[in-house]
Amino acid sequence: MHAVPPLEQNTVEASPTHAASPKAAPAQGPAANDAPVRDLRRVGIHPDYWYPLAWSHEVKRGKTHGVTFAGDPIVLARTESGKVFALEDRCAHRQVPLHQGVVDGESIRCGYHGWTYDCSGKCIDVPYLGRERLPNGVRSYPCREVEGLIFVFPGDPAMAEVRPLPKLGSVADKKYKTRRFGRPVNCHYSFMHENLMDMNHQFLHRRQMGQMRARSLGRRRGEGWVEVDYTFARMAGQQPIGEAIVFGQSRKAGGDNDKDVMTIRTEYPYQTLQIRTSEKTLVMDLWIVYVPLDREQRTNRTFGLLSIRKPGIPGALNLAWPLLVWFTERIFKEDREIVEAEQRAHDSQGADWNHEVFPVINELRALLRESGAPDQVVGAGSAHTEVIRFWDSRQGNPVAKT
Ligand code: FES
Ligand SMILES: [Fe+2]
(Lines give C-alpha, C1' and ligand atoms only; values in the text may rest on other atoms or scores of the structure.)
(Ligands and ions follow the chains in the order given, each with its own letter.)
Protein backbone atom coordinates (compact mmCIF):
# COMPACT_ATOMS: atom_id res chain seq x y z
CA MET A 1 0.00 0.00 0.00
CA HIS A 2 1.34 3.47 -0.74
CA ALA A 3 0.37 6.95 0.26
CA VAL A 4 -2.84 8.31 -1.19
CA PRO A 5 -1.90 10.55 -4.11
CA PRO A 6 -3.32 14.06 -4.47
CA LEU A 7 -6.84 14.19 -5.75
CA GLU A 8 -7.52 14.50 -9.41
CA GLN A 9 -8.19 17.96 -10.73
CA ASN A 10 -11.44 18.35 -12.57
CA THR A 11 -9.74 18.89 -15.84
CA VAL A 12 -11.10 18.10 -19.26
CA GLU A 13 -9.48 17.78 -22.61
CA ALA A 14 -10.40 20.56 -24.97
CA SER A 15 -12.73 19.35 -27.66
CA PRO A 16 -13.01 21.05 -31.04
CA THR A 17 -16.70 21.71 -30.52
CA HIS A 18 -16.60 23.00 -26.97
CA ALA A 19 -13.21 24.45 -26.19
CA ALA A 20 -14.04 27.91 -27.43
CA SER A 21 -17.32 28.25 -25.57
CA PRO A 22 -17.08 29.82 -22.10
CA LYS A 23 -20.54 28.44 -21.37
CA ALA A 24 -19.18 25.00 -22.00
CA ALA A 25 -16.49 25.18 -19.32
CA PRO A 26 -16.91 22.81 -16.42
CA ALA A 27 -17.37 24.13 -12.89
CA GLN A 28 -13.64 23.81 -12.21
CA GLY A 29 -11.45 24.25 -15.24
CA PRO A 30 -7.79 23.26 -15.40
CA ALA A 31 -5.26 25.67 -14.07
CA ALA A 32 -3.18 27.21 -16.82
CA ASN A 33 -0.04 25.15 -16.23
CA ASP A 34 -1.70 21.85 -15.28
CA ALA A 35 -0.72 18.95 -17.46
CA PRO A 36 -3.76 17.85 -19.47
CA VAL A 37 -5.52 14.87 -17.96
CA ARG A 38 -6.78 12.15 -20.25
CA ASP A 39 -10.53 12.11 -20.64
CA LEU A 40 -11.33 8.96 -18.71
CA ARG A 41 -14.22 8.14 -21.03
CA ARG A 42 -11.76 7.89 -23.89
CA VAL A 43 -9.31 5.58 -22.15
CA GLY A 44 -9.37 2.13 -23.72
CA ILE A 45 -9.48 -0.82 -21.35
CA HIS A 46 -6.11 -2.56 -21.06
CA PRO A 47 -6.14 -5.76 -23.12
CA ASP A 48 -3.47 -7.57 -21.08
CA TYR A 49 -5.96 -9.12 -18.66
CA TRP A 50 -8.32 -12.08 -18.72
CA TYR A 51 -11.84 -11.05 -19.72
CA PRO A 52 -14.94 -13.25 -19.76
CA LEU A 53 -16.49 -13.07 -23.21
CA ALA A 54 -19.33 -15.57 -22.75
CA TRP A 55 -21.08 -17.79 -20.27
CA SER A 56 -20.27 -21.45 -20.68
CA HIS A 57 -23.87 -22.32 -21.53
CA GLU A 58 -23.76 -20.00 -24.55
CA VAL A 59 -21.07 -22.09 -26.23
CA LYS A 60 -22.66 -25.43 -26.91
CA ARG A 61 -20.79 -28.60 -27.71
CA GLY A 62 -19.98 -28.81 -31.42
CA LYS A 63 -21.03 -25.17 -31.99
CA THR A 64 -19.40 -21.79 -32.66
CA HIS A 65 -20.27 -18.55 -30.93
CA GLY A 66 -19.31 -15.07 -32.19
CA VAL A 67 -18.40 -12.40 -29.61
CA THR A 68 -16.43 -9.16 -29.56
CA PHE A 69 -13.84 -7.55 -27.36
CA ALA A 70 -13.56 -3.78 -27.88
CA GLY A 71 -14.59 -4.19 -31.50
CA ASP A 72 -12.37 -7.18 -32.26
CA PRO A 73 -14.49 -10.07 -33.52
CA ILE A 74 -13.64 -13.34 -31.80
CA VAL A 75 -15.13 -16.77 -32.39
CA LEU A 76 -15.46 -19.20 -29.50
CA ALA A 77 -15.87 -22.85 -30.39
CA ARG A 78 -16.63 -25.88 -28.26
CA THR A 79 -15.23 -28.98 -29.85
CA GLU A 80 -16.78 -32.44 -29.91
CA SER A 81 -14.65 -33.33 -26.87
CA GLY A 82 -16.00 -30.29 -24.97
CA LYS A 83 -12.87 -28.12 -25.10
CA VAL A 84 -13.33 -24.40 -25.81
CA PHE A 85 -10.95 -22.35 -27.93
CA ALA A 86 -10.90 -18.78 -29.30
CA LEU A 87 -9.76 -17.49 -32.70
CA GLU A 88 -10.06 -14.29 -34.69
CA ASP A 89 -13.54 -14.39 -36.14
CA ARG A 90 -12.50 -14.28 -39.79
CA CYS A 91 -11.50 -16.79 -42.36
CA ALA A 92 -8.02 -16.21 -43.78
CA HIS A 93 -9.47 -16.80 -47.27
CA ARG A 94 -12.31 -14.35 -47.94
CA GLN A 95 -12.53 -12.87 -44.44
CA VAL A 96 -16.04 -14.10 -43.69
CA PRO A 97 -16.80 -14.73 -40.00
CA LEU A 98 -15.75 -18.15 -38.79
CA HIS A 99 -18.68 -18.25 -36.38
CA GLN A 100 -20.81 -18.89 -39.47
CA GLY A 101 -18.82 -22.06 -40.02
CA VAL A 102 -19.10 -25.43 -38.31
CA VAL A 103 -17.19 -27.31 -35.67
CA ASP A 104 -15.60 -30.40 -37.17
CA GLY A 105 -14.19 -32.65 -34.46
CA GLU A 106 -11.60 -30.50 -32.69
CA SER A 107 -11.44 -27.76 -35.34
CA ILE A 108 -13.55 -25.12 -37.14
CA ARG A 109 -14.44 -25.42 -40.80
CA CYS A 110 -15.30 -22.16 -42.57
CA GLY A 111 -18.83 -22.20 -43.98
CA TYR A 112 -17.80 -20.96 -47.45
CA HIS A 113 -15.06 -23.16 -49.01
CA GLY A 114 -14.39 -25.30 -45.97
CA TRP A 115 -10.93 -24.11 -44.98
CA THR A 116 -10.29 -25.68 -41.59
CA TYR A 117 -8.50 -24.27 -38.52
CA ASP A 118 -7.30 -26.05 -35.40
CA CYS A 119 -7.40 -24.59 -31.88
CA SER A 120 -4.14 -22.72 -32.47
CA GLY A 121 -5.55 -21.00 -35.56
CA LYS A 122 -3.38 -23.04 -37.93
CA CYS A 123 -5.02 -23.86 -41.25
CA ILE A 124 -5.01 -27.66 -41.38
CA ASP A 125 -7.14 -28.33 -44.41
CA VAL A 126 -8.19 -26.71 -47.67
CA PRO A 127 -10.41 -29.33 -49.25
CA TYR A 128 -9.32 -28.54 -52.82
CA LEU A 129 -5.55 -28.19 -52.15
CA GLY A 130 -2.87 -30.64 -51.18
CA ARG A 131 -1.75 -30.63 -47.52
CA GLU A 132 1.71 -29.42 -48.55
CA ARG A 133 0.36 -26.11 -49.86
CA LEU A 134 -1.67 -24.95 -46.87
CA PRO A 135 -1.98 -21.16 -46.36
CA ASN A 136 -1.37 -19.18 -43.17
CA GLY A 137 -4.03 -19.43 -40.54
CA VAL A 138 -5.57 -16.88 -38.17
CA ARG A 139 -4.72 -15.53 -34.72
CA SER A 140 -5.66 -17.60 -31.71
CA TYR A 141 -6.33 -16.23 -28.22
CA PRO A 142 -5.46 -17.86 -24.89
CA CYS A 143 -8.75 -19.19 -23.54
CA ARG A 144 -9.82 -20.75 -20.21
CA GLU A 145 -13.16 -21.91 -18.88
CA VAL A 146 -13.74 -21.36 -15.14
CA GLU A 147 -16.92 -21.48 -13.04
CA GLY A 148 -19.28 -21.12 -15.98
CA LEU A 149 -17.35 -18.29 -17.64
CA ILE A 150 -15.20 -18.40 -20.75
CA PHE A 151 -12.18 -16.15 -20.29
CA VAL A 152 -10.09 -14.89 -23.20
CA PHE A 153 -6.81 -12.99 -23.08
CA PRO A 154 -7.11 -10.39 -25.86
CA GLY A 155 -3.71 -8.71 -25.34
CA ASP A 156 -0.11 -9.86 -25.67
CA PRO A 157 -0.26 -13.68 -25.51
CA ALA A 158 3.08 -13.80 -23.66
CA MET A 159 1.43 -11.87 -20.81
CA ALA A 160 -1.28 -14.52 -20.49
CA GLU A 161 1.29 -16.84 -18.93
CA VAL A 162 2.13 -14.42 -16.13
CA ARG A 163 -1.24 -12.77 -15.57
CA PRO A 164 -3.37 -14.91 -13.27
CA LEU A 165 -7.07 -15.45 -13.77
CA PRO A 166 -9.10 -13.39 -11.30
CA LYS A 167 -10.38 -14.92 -8.07
CA LEU A 168 -14.12 -15.23 -8.51
CA GLY A 169 -15.41 -14.35 -5.06
CA SER A 170 -17.24 -17.13 -3.24
CA VAL A 171 -18.61 -18.86 -6.32
CA ALA A 172 -16.81 -22.13 -5.59
CA ASP A 173 -17.76 -22.15 -1.89
CA LYS A 174 -20.65 -24.52 -1.10
CA LYS A 175 -21.76 -22.25 1.74
CA TYR A 176 -22.92 -19.76 -0.89
CA LYS A 177 -25.50 -19.73 -3.64
CA THR A 178 -24.47 -17.75 -6.71
CA ARG A 179 -26.53 -15.81 -9.18
CA ARG A 180 -24.92 -15.29 -12.56
CA PHE A 181 -26.19 -12.17 -14.25
CA GLY A 182 -25.35 -9.51 -16.77
CA ARG A 183 -26.35 -7.79 -19.95
CA PRO A 184 -25.06 -5.14 -22.32
CA VAL A 185 -25.05 -1.58 -21.01
CA ASN A 186 -24.66 1.41 -23.31
CA CYS A 187 -21.75 3.14 -21.62
CA HIS A 188 -17.99 3.22 -21.16
CA TYR A 189 -16.82 0.77 -18.49
CA SER A 190 -15.60 3.59 -16.24
CA PHE A 191 -19.17 4.71 -15.53
CA MET A 192 -19.90 1.21 -14.23
CA HIS A 193 -16.94 1.24 -11.82
CA GLU A 194 -17.95 4.67 -10.53
CA ASN A 195 -21.57 3.65 -10.11
CA LEU A 196 -20.83 0.62 -7.95
CA MET A 197 -18.15 2.26 -5.83
CA ASP A 198 -20.13 5.42 -5.12
CA MET A 199 -22.71 4.44 -2.50
CA ASN A 200 -23.82 8.05 -2.18
CA HIS A 201 -26.29 7.35 -4.96
CA GLN A 202 -28.75 5.51 -2.69
CA PHE A 203 -31.19 8.29 -3.56
CA LEU A 204 -31.54 6.71 -7.01
CA HIS A 205 -32.76 3.49 -5.39
CA ARG A 206 -35.10 5.14 -2.86
CA ARG A 207 -38.14 3.35 -4.30
CA GLN A 208 -36.46 -0.06 -3.93
CA MET A 209 -34.42 0.45 -0.77
CA GLY A 210 -36.25 3.09 1.28
CA GLN A 211 -34.17 5.94 2.62
CA MET A 212 -30.67 4.71 3.30
CA ARG A 213 -27.72 6.80 4.30
CA ALA A 214 -24.26 5.55 3.46
CA ARG A 215 -21.27 6.59 5.53
CA SER A 216 -17.77 6.11 4.20
CA LEU A 217 -15.47 4.59 6.82
CA GLY A 218 -12.25 5.03 4.90
CA ARG A 219 -10.42 4.13 1.76
CA ARG A 220 -7.24 2.31 0.88
CA ARG A 221 -5.16 2.21 -2.25
CA GLY A 222 -2.42 -0.07 -3.47
CA GLU A 223 -0.77 -1.05 -6.72
CA GLY A 224 -3.61 -1.56 -9.22
CA TRP A 225 -6.43 -1.33 -6.70
CA VAL A 226 -8.54 1.00 -4.62
CA GLU A 227 -11.19 0.10 -2.03
CA VAL A 228 -13.61 1.78 0.31
CA ASP A 229 -15.69 0.70 3.33
CA TYR A 230 -19.21 1.88 4.07
CA THR A 231 -21.82 1.41 6.73
CA PHE A 232 -25.48 2.09 6.15
CA ALA A 233 -28.29 3.41 8.27
CA ARG A 234 -31.95 3.23 7.35
CA MET A 235 -33.45 6.65 7.86
CA ALA A 236 -37.01 5.74 6.94
CA GLY A 237 -39.06 3.13 5.13
CA GLN A 238 -39.22 -0.62 5.35
CA GLN A 239 -36.36 -3.03 4.85
CA PRO A 240 -36.73 -4.35 1.30
CA ILE A 241 -37.19 -8.05 0.88
CA GLY A 242 -33.99 -8.49 -1.13
CA GLU A 243 -31.95 -7.00 1.69
CA ALA A 244 -33.73 -9.18 4.24
CA ILE A 245 -32.73 -12.25 2.22
CA VAL A 246 -29.09 -11.23 2.27
CA PHE A 247 -29.01 -10.55 6.01
CA GLY A 248 -31.60 -13.06 7.19
CA GLN A 249 -32.73 -10.63 9.84
CA SER A 250 -35.05 -7.70 10.23
CA ARG A 251 -33.42 -4.29 10.28
CA LYS A 252 -35.82 -1.50 11.14
CA ALA A 253 -35.62 2.26 10.75
CA GLY A 254 -33.63 3.82 13.56
CA GLY A 255 -32.50 0.39 14.79
CA ASP A 256 -29.04 -0.92 15.43
CA ASN A 257 -28.44 -1.70 11.79
CA ASP A 258 -25.28 0.18 11.00
CA LYS A 259 -22.75 -2.43 12.09
CA ASP A 260 -22.52 -4.24 8.77
CA VAL A 261 -19.64 -3.17 6.58
CA MET A 262 -19.70 -3.05 2.81
CA THR A 263 -16.32 -3.06 1.07
CA ILE A 264 -16.14 -2.16 -2.60
CA ARG A 265 -12.90 -2.71 -4.41
CA THR A 266 -11.73 -2.11 -7.94
CA GLU A 267 -8.77 -4.36 -8.63
CA TYR A 268 -8.16 -3.49 -12.21
CA PRO A 269 -10.07 -4.38 -14.33
CA TYR A 270 -12.43 -6.24 -11.98
CA GLN A 271 -14.65 -5.06 -9.16
CA THR A 272 -15.91 -6.70 -5.98
CA LEU A 273 -18.52 -5.78 -3.39
CA GLN A 274 -18.56 -7.64 -0.07
CA ILE A 275 -20.84 -7.25 2.92
CA ARG A 276 -19.74 -8.49 6.33
CA THR A 277 -21.89 -8.51 9.42
CA SER A 278 -20.68 -7.21 12.77
CA GLU A 279 -19.56 -10.82 13.48
CA LYS A 280 -17.39 -10.58 10.33
CA THR A 281 -19.47 -13.15 8.46
CA LEU A 282 -19.30 -12.58 4.72
CA VAL A 283 -22.99 -12.58 3.76
CA MET A 284 -22.72 -11.20 0.23
CA ASP A 285 -19.85 -11.46 -2.21
CA LEU A 286 -20.15 -9.92 -5.66
CA TRP A 287 -17.53 -10.25 -8.41
CA ILE A 288 -18.17 -8.23 -11.54
CA VAL A 289 -16.45 -7.03 -14.71
CA TYR A 290 -17.50 -4.77 -17.57
CA VAL A 291 -16.18 -5.91 -20.94
CA PRO A 292 -16.20 -3.36 -23.78
CA LEU A 293 -18.02 -4.68 -26.83
CA ASP A 294 -17.52 -2.05 -29.54
CA ARG A 295 -14.36 -0.34 -30.73
CA GLU A 296 -15.54 2.99 -29.35
CA GLN A 297 -15.90 1.29 -25.95
CA ARG A 298 -19.22 3.02 -25.47
CA THR A 299 -20.90 -0.18 -24.49
CA ASN A 300 -19.97 -3.01 -22.21
CA ARG A 301 -21.28 -6.40 -21.35
CA THR A 302 -21.49 -6.97 -17.64
CA PHE A 303 -20.61 -10.36 -16.17
CA GLY A 304 -21.55 -10.65 -12.51
CA LEU A 305 -21.36 -13.43 -9.94
CA LEU A 306 -23.48 -12.60 -6.90
CA SER A 307 -22.89 -15.07 -4.06
CA ILE A 308 -25.20 -15.05 -1.06
CA ARG A 309 -24.36 -17.02 2.07
CA LYS A 310 -26.93 -19.73 2.71
CA PRO A 311 -28.88 -19.30 5.94
CA GLY A 312 -29.07 -22.01 8.58
CA ILE A 313 -32.44 -23.30 7.38
CA PRO A 314 -31.82 -25.64 4.43
CA GLY A 315 -33.64 -24.60 1.26
CA ALA A 316 -34.73 -21.21 2.62
CA LEU A 317 -32.52 -19.35 0.18
CA ASN A 318 -33.83 -21.36 -2.77
CA LEU A 319 -37.38 -20.38 -1.84
CA ALA A 320 -36.46 -16.72 -1.57
CA TRP A 321 -34.29 -16.77 -4.71
CA PRO A 322 -36.91 -15.50 -7.23
CA LEU A 323 -37.49 -12.49 -4.99
CA LEU A 324 -33.79 -11.83 -4.80
CA VAL A 325 -33.54 -12.03 -8.60
CA TRP A 326 -36.46 -9.62 -8.97
CA PHE A 327 -34.95 -7.20 -6.45
CA THR A 328 -31.47 -7.19 -7.94
CA GLU A 329 -32.86 -6.82 -11.48
CA ARG A 330 -34.79 -3.72 -10.44
CA ILE A 331 -31.72 -2.17 -8.84
CA PHE A 332 -29.60 -3.07 -11.87
CA LYS A 333 -32.17 -1.49 -14.21
CA GLU A 334 -32.05 1.81 -12.30
CA ASP A 335 -28.26 1.78 -12.41
CA ARG A 336 -28.22 0.90 -16.09
CA GLU A 337 -30.56 3.74 -17.02
CA ILE A 338 -28.56 6.33 -15.09
CA VAL A 339 -25.12 5.32 -16.41
CA GLU A 340 -26.50 5.31 -19.95
CA ALA A 341 -27.72 8.86 -19.31
CA GLU A 342 -24.18 9.77 -18.20
CA GLN A 343 -22.79 8.35 -21.44
CA ARG A 344 -25.30 10.33 -23.51
CA ALA A 345 -24.25 13.51 -21.68
CA HIS A 346 -20.60 12.76 -22.47
CA ASP A 347 -21.50 12.11 -26.10
CA SER A 348 -23.29 15.43 -26.48
CA GLN A 349 -20.77 17.48 -24.46
CA GLY A 350 -17.82 15.94 -26.26
CA ALA A 351 -15.67 15.74 -23.12
CA ASP A 352 -15.75 14.66 -19.51
CA TRP A 353 -17.31 17.53 -17.55
CA ASN A 354 -17.59 15.36 -14.46
CA HIS A 355 -17.44 17.46 -11.31
CA GLU A 356 -16.44 14.83 -8.79
CA VAL A 357 -16.46 15.74 -5.11
CA PHE A 358 -16.08 12.37 -3.41
CA PRO A 359 -12.43 11.47 -2.75
CA VAL A 360 -12.61 7.73 -3.37
CA ILE A 361 -14.19 8.25 -6.78
CA ASN A 362 -11.35 10.56 -7.71
CA GLU A 363 -8.95 7.83 -6.60
CA LEU A 364 -10.84 5.35 -8.71
CA ARG A 365 -10.79 7.62 -11.73
CA ALA A 366 -7.04 8.06 -11.39
CA LEU A 367 -6.60 4.28 -11.12
CA LEU A 368 -8.70 3.59 -14.23
CA ARG A 369 -6.76 6.19 -16.17
CA GLU A 370 -3.36 4.90 -15.11
CA SER A 371 -4.28 1.27 -15.69
CA GLY A 372 -5.96 1.70 -19.08
CA ALA A 373 -4.39 1.04 -22.44
CA PRO A 374 -1.60 3.58 -22.83
CA ASP A 375 -2.14 6.15 -25.58
CA GLN A 376 -5.29 4.47 -26.85
CA VAL A 377 -8.08 6.98 -27.45
CA VAL A 378 -11.54 5.52 -27.89
CA GLY A 379 -14.99 6.93 -28.37
CA ALA A 380 -13.91 9.61 -30.80
CA GLY A 381 -16.29 8.58 -33.56
CA SER A 382 -19.89 9.56 -34.16
CA ALA A 383 -21.71 10.77 -31.09
CA HIS A 384 -24.49 8.23 -31.01
CA THR A 385 -23.23 4.78 -31.80
CA GLU A 386 -26.05 2.29 -31.79
CA VAL A 387 -24.01 -0.18 -29.89
CA ILE A 388 -26.72 -2.46 -28.60
CA ARG A 389 -27.96 -3.00 -32.12
CA PHE A 390 -24.38 -3.82 -33.05
CA TRP A 391 -24.33 -6.39 -30.27
CA ASP A 392 -27.74 -7.83 -31.11
CA SER A 393 -26.76 -8.32 -34.71
CA ARG A 394 -24.06 -10.73 -33.57
CA GLN A 395 -25.60 -12.39 -30.58
CA GLY A 396 -29.32 -12.68 -30.49
CA ASN A 397 -30.50 -12.52 -26.91
CA PRO A 398 -27.54 -11.70 -24.67
CA VAL A 399 -29.27 -11.97 -21.31
CA ALA A 400 -27.62 -14.47 -19.01
CA LYS A 401 -29.44 -17.34 -17.37
CA THR A 402 -29.90 -16.85 -13.67
S1 FES B 1 -13.98 -17.82 -47.19
FE2 FES B 1 -13.51 -19.29 -45.72
S3 FES B 1 -12.99 -21.00 -46.92
FE4 FES B 1 -13.29 -19.47 -48.37
FE1 LIG C 1 -26.85 1.53 -7.77
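**From a hairpin to the core**

In the hairpin of β3 and β4, five residues lie between the strands, and G82 takes a positive phi near 100°. Strands here are DSSP runs of E with at least two residues, helices are runs of H or I with at least four, and both are numbered from the N terminus.

A word on conventions. This is a predicted model, in which local features need pLDDT of at least 70 and side-chain atom pairs count only at pLDDT 80 or more, while totals for chains, interfaces and linings use all residues. Residues are numbered from 1 along each chain as its sequence is written, and chains are lettered from A and ligands numbered from 1 in the order in which they are written.

Two residues separate the strands in the hairpin of β2 and β3, where A70 takes a positive phi near 45°.

These strands belong to an open sheet of four, in the order β2-β3-β4-β9, with antiparallel pairing; two strands pair if DSSP finds at least two bridges between them. β2 and β9 (140-141) stand at the edges with a single partner strand each, so one side of each has no neighbour in the sheet.

How much of β3 is buried? Five of the seven residues of β3 (residues 72-78) are, so the strand is largely enclosed by the rest of the structure. Buried means that 20 or more other C-beta atoms, placed from the backbone, lie within 10 Å of the residue's own.

I turn now to the largest nonpolar core, which has 79 residues; Y51, L53, I74, L76, I150 and V152 touch the most other members. Its largest share, seven residues, comes from strand β18 (residues 282-292). Such a core is a set of buried Ala, Val, Leu, Ile, Met, Phe, Trp, Tyr and Cys residues joined through C-beta atoms within 7 Å.

Finally, helix α5 (residues 316-349). At 1.5 Å a residue, its 34 residues should span 50 Å, and its end C-alpha atoms are 49 Å apart, which agrees; the expected span is 1.5 Å times one less than the number of residues. G350, with a positive phi near 80°, follows α5.

Key
Buried ≥ 20, exposed ≤ 12 C-beta atoms within 10 Å, placed from the backbone.
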